[in-house]
Amino acid sequence: MAAWEDLGFDTYDELWARVPAEPEPSIVFDLSGFFTATVQAEFNAAERAVNNLVHLAFVRVLAADRPLLVLNWEHASARCWPHRRTDPLPWLAVPNGEHYVVGTEDFAMGTSGHPWEQTLRVWGEPLLGVLAPMLSWLPER
């Protein structure tokens, strides 16, 4: 079975309309330190670390058959099954110039990477309880 399903733009407006603006419970992590790295390798390592921890947390909290919705502002949406992936994910939790939202189909839990604010919001249980300790090295906003 495929790990990735392109949803195109047909559901774009409907999916973004369902994303909670201020989900609770949530924690917002400050990623601005990533963007002040003086060497590209430093930024890349931090970005990979956070993206891999987000992937790990979703694998831990989701049933193997439960997909995630992957939204990227002004780009096509997708559905992803994190248990089916063994290579790095093609989407980013870290907002490297893009606004990403990754969440369950009901958006009861997920992440939102905001490029202008340079933040990563994590919301909903059990994701918050699993991922927040993994990201405890990041400052909170």
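Glu-22 is exposed in this predicted model, since its relative accessibility is 58% (buried denotes under 20% relative accessible area, exposed over 50% and partly exposed in between, with a 1.4 Å probe and protein chains only). The model is a prediction in which local features require pLDDT of at least 70 and side-chain atom pairs count only at pLDDT 80 or more, whereas totals for chains, interfaces and linings use all residues. Residues are numbered from 1 along each chain as its sequence is written, and side-chain values use heavy atoms, with hydrogens and water left out.

The side chain of Glu-22 meets that of Arg-121 in a salt bridge of 3.3 Å, N to O (a side-chain nitrogen of Lys or Arg within 4 Å of a carboxyl oxygen of Asp or Glu). Because Glu-22 lies in the loop between helix H1 (12-18) and E2 while Arg-121 belongs to strand E7, this pair ties together parts that are 99 residues apart in sequence (helices, H or I of at least four residues, and strands, E of at least two, are DSSP runs numbered from the N terminus). Arg-121 counts as buried, at 16% relative accessibility.

In total, the structure holds six salt bridges. One of them joins Arg-79 to Glu-5 at 3.1 Å, N to O; the partners, Arg-79 in strand E4 and Glu-5 in strand E1 (residues 4-8), are 74 residues apart. Glu-5 is partly exposed, with a relative accessible area of 33%. Arg-79 also meets Glu-105, at 2.5 Å, N to O. Glu-105 is placed in the loop between E5 and E6 and Arg-79 in strand E4, so this pair connects parts 26 residues apart in sequence. Glu-105 is partly exposed, at 31% relative accessibility. Through shared partners, Glu-5, Arg-79 and Glu-105 form one salt-bridge network.

The largest nonpolar core comprises 29 residues; those with the most contacts inside it include Phe-34, Val-50, Leu-120 and Leu-135 (such a core is a set of buried Ala, Val, Leu, Ile, Met, Phe, Trp, Tyr and Cys residues joined through side-chain atoms within 4.5 Å). At least two residues of this core come from each of strand E2 (26-30), helix H2 (40-61), strand E3 (68-72), strand E4 (77-80), strand E7 (119-123) and helix H3 (127-134). H2 gives the most, with seven residues. Apart from this core lies another, of ten residues, among them Tyr-12, Leu-15, Val-19 and Leu-69.

The buried residues of H2 include Phe-43, Val-50, Val-54 and Phe-58. The buried residues of H2 pack against E3, strand E5 (100-104), strand E6 (110-114), E7 and H3 (contact means heavy atoms within 4.5 Å).

Seven aromatic pairs are counted (rings of Phe, Tyr and Trp, the last by its six-membered ring, pair if their centres lie within 6.5 Å; planes under 30 degrees apart are stacked, over 60 edge-to-face and the rest tilted). Trp-16 and Trp-73 form an edge-to-face pair, 4.9 Å centre to centre with 85° between the planes. Trp-16 lies in helix H1 and Trp-73 in the loop between E3 and E4, 57 residues apart. Trp-16 is buried, at 12% relative accessibility, whereas Trp-73 is partly exposed, at 39%. Ring pairs link Phe-9, Tyr-12, Trp-16 and Trp-73 into a cluster.
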